[in-house]
Structures are given as C-alpha cells and as structure tokens.
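Reader: I have just been handed this one and would like to be walked through it. Could we take it slowly, one topic at a time?

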Amino acid sequence: VFNQLDEDGDGLIKLEELERHLSEPGVGAYFTKMGVDVTEVGKLFTLLDEDNSGSIDREEFMYGCLRLKGEAKSLDVAILQREVESLRREIHAQYERAMQLQPSDGSNRPQTSNPAMFNTLRED
C-alpha cells in the first residue's frame, strides 16, 4: 500500500498523494478494514506523520498503521491518561513559576490566576 500511495517514488507520502489515493477501492478498503475513517484525510495524515515533517516515510507509515489498527486497547487508554495527567502537572507547575515572577502587589496578574482551573481533570 505504501508504494501505491508514494506516486513519485521518493520514499515519502505527501498529503496530496494520500488524498488522491484514498478514493481508490483498494487503498480505501485497507484503511477501512483497520477501522480508520478515510473521510478524515487530514487527521489521518497528521497521525501518521510522527515527526511533523509534512511527509510520511515507510517506517512512519508501517508503525502508524499498526498503532491505528483496531479499537483502542485499555493499555492505550491508560497510557494516554498518564500522559494527560503528566501534562496537567507540568502546566500547573509552569503556572506556579509564572505566578512567583509576578509582583507581590498583584499588578499585571493574568485574569485567569485561579489555580483551581488546573483541577478540572478527574484524578482516579
């Protein structure tokens, strides 16, 4: 499938190449069989383009397709939850550091200076 999508044979799939070929029965069926909505070409391309280079190489395509195949497993969901929680903590820590740099009289404080806004995610 990679070779079919790589029209110019440069070893890379560009968004335009993916868009043109997803309407072909064989290519569309390949992604549909994996449970991927082929109408969301841009999102699919973004998920496959792991390094955000604007093109998908053979390795990105192979591993991306393996990652997208089938329903999300509980392990995948658990990993995502952990990553989201880690990001929440980091954002909160950055916010706290920024607040320490503010003058003690409260001038120039951002309007969203309520740390409770970082506690909106459920902690299990």
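Author: What follows goes from the overall layout to the nonpolar core, then to a helix contact, the salt bridges and one serine. Please keep in mind throughout that this is a predicted model.

Reader: Which residues have the most contacts inside the largest nonpolar core?

Author: That core has 17 residues, and those with the most contacts inside it are Leu-18, Phe-31, Leu-44, Leu-48 and Phe-61. At least two residues of this core come from each of α1 (2–5), α3 (25–33), α4 (41–48) and α5 (58–68), with α4 giving the most, namely 4 residues. As a general background, nonpolar side chains in soluble globular proteins tend to be buried together.

Reader: Take Leu-18, then: what is it in contact with, leaving aside neighbours within four places in sequence?

Author: With those neighbours set aside, Leu-18 is in contact with Leu-5, Ile-13, Phe-31, Val-41, Leu-44 and Phe-45.

Reader: You mentioned α4 and α5; at what angle do they pack?

Author: The angle between α4 and α5 is about 115 degrees, and their axes lie 9 Å apart. Because angles from 65 to 115 degrees count as roughly perpendicular, α4 is described as roughly perpendicular to α5.

Reader: Which residues meet there?

Author: From α4 there are Leu-44, Leu-47 and Leu-48, and they meet Glu-60, Phe-61, Gly-64, Cys-65, Arg-67 and Leu-68 in α5. By type, the residues of this contact divide into 6 nonpolar, 1 polar and 2 charged.

Reader: Changing topic, how many salt bridges are there?

Author: The structure holds 6 salt bridges. In general, side chains of opposite charge can pair when their charged atoms come close. One network of salt bridges links Asp-8, Asp-10 and Lys-14: the closest N and O atoms of Asp-8 and Lys-14 are 3.1 Å apart, while the salt bridge between Lys-14 and Asp-10 has an N to O distance of 2.4 Å.

Reader: What about Glu-85 and Arg-89, how far apart are they in helix α6?

Author: They are 4 residues apart in helix α6 (residues 74–101), and therefore separated by about one helical turn. Glu-85 is buried at a relative accessible area of 15%, whereas Arg-89 counts as exposed at 52%.

Reader: Last one: where does Ser-55 sit, and what does it touch?

Author: Ser-55 belongs to strand β2 (residues 55–57), and at 12% relative accessibility this serine counts as buried. Not counting residues up to four places away in sequence, Ser-55 touches Leu-12, Ile-13, Lys-14, Phe-45, Asp-49 and Glu-60. Among these, Lys-14 also belongs to the network of salt bridges with Asp-8 and Asp-10.

How values were computed: Residues numbered from 1 in each chain as written. Predicted model: local features only at pLDDT ≥ 70, side-chain atom pairs only at ≥ 80, totals over all residues. Heavy atoms only, no water. Salt bridge = Lys/Arg side-chain N within 4 Å of Asp/Glu carboxyl O. Buried < 20%, exposed > 50% of the residue type's maximum accessible area, 1.4 Å probe, protein only. Core = buried A, V, L, I, M, F, W, Y, C linked by side-chain atoms within 4.5 Å. Contact = heavy atoms within 4.5 Å. Axes fitted to C-alpha atoms, helices over the stretch in contact; angles between N-to-C directions. Parallel < 35°, antiparallel > 145°, perpendicular 65-115°, else oblique. Nonpolar A, V, L, I, M, F, W, Y, C, P; charged D, E, K, R; others polar.
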